[in-house]
Amino acid sequence: MNTEDFIKRDLSRRQFLGRSAKNAAGVAAGMVGLSATVAVAAGAMSRLRVAVIGVRNQGRNLATLFAEEPGIEVATLCDVDQNLEAAARKAVKDVSGREPRWEADFRRVLDDSSIDAVVIATPDHWHAIMGVLACQAGKDVYLEKPVSHTIEEGTRLVEAARKHGRVMQTGLQQRSGSHFQSAIEVVQSGKLGSVRLAKAWLSNSRKPIGHRREDVPSTGLNYDLWIGPAPAHAFTSNRSHYNWRSFWDYGTGELGNWGVHLLDVARWGLGVELPQRVSSSGGKYVFDDDQETPDTMLTTYSYPQHTILWEHRTWTNHGLEGRGSGVSFHGERGTLVVDRSGWKVYDSDERLTSDTSEQAKAHVRNFIECVRSRQTPAADIQVGHVSTTLCHLGNIAWRVGHEVQFDEVAQNFGSDAAANAMLTKSYRQPWALPLV
């Protein structure tokens, strides 16, 4: 079978499976309550009003993606940094013809009964609090990855979405990419033989962030609200904007930044949830700067019948399998390597390959469709929670300095006090993780 025939057959099969999965989801617990379903069905073609919370970089990009979609009004943008307002509002107006209103406090957005759904693209330490409150306010949620800052927060998000019958999509856009879907089908089809090992990696030459002294926040930045539930620290330029990812008080390091995307693909292909044992090594080997998270990490996730290996090096562009980032699935009859540009099978009798596919727009459209239909989105919050938990487990193993054993039923590390202490965290008053 040539490549063109394979892809045509693959597309037909994928469409069939997609419809079957969607139908099954409608019968199972993926559907919200009947009253909500009827209400949405009655206004299925009505305009949906969306608010975006956090509009630097990814948030502004998502705002424009939503604004481009028919039947969607990006009604409100929200950020604690007033300096982002003009550019963000202009970006939305340029694609939609409508200029959204601006809010500096997310609580006003959640109080607005005219908003149907919110996009949350803030630093990690805000995700769970905003996500739970949004569910309680009756909003559907598009929540950027990683969904949580601790394992307990992820559990709370799932509980909130289920209790309040909300659609919650995680920003793992590979789940909506047709070439990622076809890659997973090949992995699970038996064409590669038995597949027990997956590797995921990132090699990216980032710049050091340097050492920054205490400073005064720029005019227009509400630094106290930016900190929110995190411990109070004097302002430095490294503790805000993109560099916050490298501080444990706000971020989850490279595992939570890029690792969550690729580990999600790895466990998706292997058909696994959470591992029994996790070990992690590495450190800050290259950068002499303010970063707290490792610039080099190798993590092993051990399952009863499978293993996932993660590796990142943030100081070189030379990656594995000729790719700076990606996932490889190793079977006895072939190896499949996939990244955002496509996939290819090596050492197989069949020539199997696929070019790239649309991911970001498709993921936004999937969320919108599910808001209207009340079906389960491609990267439902449960999917996001499990994949984010893999990142937390790797970080915890690295921070405590020994292998950890996670009990998925008990949701703890047994008698490992050091690891158990990282299941949750303290919150700076008056903020707290809402009860569900």
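Buried means under 20% relative accessible area, exposed means over 50%, and partly exposed lies in between, using a 1.4 Å probe and protein chains only. Keep that in mind for Thr389. Thr389 is buried, with a relative accessible area of 1%.

Now, the model. This is a predicted model, where local features need pLDDT of at least 70, side-chain atom pairs count only at pLDDT 80 or more, and totals for chains, interfaces and linings use all residues. Residues are numbered from 1 along each chain as its sequence is written, and side-chain values use heavy atoms, with hydrogens and water left out.

The overall picture next. The chain has 436 residues, and 55% of them are buried. Its secondary structure comes to 13 helices and 15 strands. Helices are DSSP runs of H or I with at least four residues, strands are runs of E with at least two, and numbering starts at the N terminus. Take contacts between residues at least 6 apart in sequence: 72% of them join residues at least 24 apart. Contact means heavy atoms within 4.5 Å.

Back to Thr389. Where does Thr389 sit? Its place is in helix H12. Leaving aside neighbours within four places in sequence, Thr389 is in contact with Ile151 and Leu274.

Ile151 takes us to helix H7. Ile151 is one of the H7 residues that meet H12, and Val158 and Arg162 are also among them. From H12, the partners include His385, Thr389 and Ile396. H7 covers residues 151-163 and H12 covers 381-400. How do their axes cross? They come within 9 Å and cross at roughly 175°. Axes are lines fitted to C-alpha atoms, for helices over the stretch in contact, and angles run from 0 to 180 degrees between N-to-C directions. Under 35 degrees counts as roughly parallel, over 145 as roughly antiparallel, 65 to 115 as roughly perpendicular, and the rest as oblique. H7 and H12 are therefore roughly antiparallel to each other.

On to helix H6. H6 is mostly covered, with 11 of its 13 residues buried. Trp126, Ile129 and Cys135 are among those buried. Just after H6, Gly138 takes a positive phi of about 80°.

Helices H6, H9 and H10 each supply at least two residues to the lining of the second largest pocket. Which helix gives the most? H10 does, with five residues. In all, 38 residues line this pocket, and Trp244 and Arg245 are among those nearest its centre. A pocket is an open set of points on a 1 Å grid over the protein atoms alone, where a 1.4 Å probe fits, with protein on both sides within 12 Å along at least five of seven lines; lining residues have an atom within 4 Å of a point.
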